[in-house]
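Please inspect the sequence and the structure before reading each solution.

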Amino acid sequence: MVRRPVAWIVALVLFAEAFGIAALQWFLGMVVDNQRMSLAGLDPDVMSLSSKIGGVAFGLYFALCGLIALLVAVRDRTPAGLGRVLLISAAVVHGVLGAFTWGLVGWHAFLFMMVVMGLVVLLLMTYDGQQRPASGKPQDGTDGDPVGDSPVSPPPAPTTP
């Protein structure tokens, strides 16, 4: 199956992206600070600090999404609850960022964003229909024998003419 390799790849890509976005925002904050740049009269120190804080926050968000993908890969189980919501939001963020990067950066960045979005969606979709653990045994500890299983109502009695 492709579920586990996709989960590992998504985890690695999101961890690399977390480091990359945090480093880029930190670098941009340093550039603003060193150049003493201002935008419409805003304080350069506030702009620099907010860029650094935003980069760290966004990097932590992607690292958390990468951690969820890593747990999915290790456990080979579907993400549930908050983890599923975070992975869906990561796919949406990549879609929105892809739309912005098409015009601002170019088609290479757009392609990267769409590939990451596709990987996250593939991770969510491959685990979507999984109801049982990967071993195929029920979680209650039985072997799945129908010996102890009884129907809700007894089968109809045969009738003779």
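**Exercise 1.** State which elements cover the buried residues of α3, and list those buried residues.

*Solution.* Cover for the buried residues of α3 comes from elements that include α1, α2 and α4. Here cover rests on contact, meaning heavy atoms within 4.5 Å, and buried means under 20% relative accessible area, with exposed over 50% and partly exposed in between (1.4 Å probe, protein chains only). The buried residues in α3 are G83, L86, L87, A90, A91, H94, G98 and T101.

The model is predicted: local features need pLDDT of at least 70, side-chain atom pairs count only at pLDDT 80 or more, and totals for chains, interfaces and linings use all residues. Residues are numbered from 1 along each chain as its sequence is written, and side-chain values use heavy atoms, leaving out hydrogens and water.

**Exercise 2.** Determine how many helices and strands the protein chain has.

*Solution.* The chain contains four helices and zero strands; read from the N terminus, the order is α-α-α-α. Helices (H or I, at least four residues) and strands (E, at least two) are DSSP runs, numbered from the N terminus.

**Exercise 3.** Describe the largest nonpolar core and identify which element gives its largest share.

*Solution.* A nonpolar core is a set of buried Ala, Val, Leu, Ile, Met, Phe, Trp, Tyr and Cys residues joined through side-chain atoms within 4.5 Å. The largest one has 23 residues, and V10, L14, Y61, C65, L87, V120 and L123 have the most contacts inside it. Two or more residues each come from α1 (3-35), α2 (44-75), α3 (82-104) and α4 (107-126). The largest share, seven residues, belongs to α2. As for V10, leaving aside residues up to four places away in sequence, its contacts are A69, L119, V120 and L123.

**Exercise 4.** Decide whether L60 is buried or exposed.

*Solution.* L60 is located in helix α2. Its relative accessibility is 57%, and therefore L60 counts as exposed.
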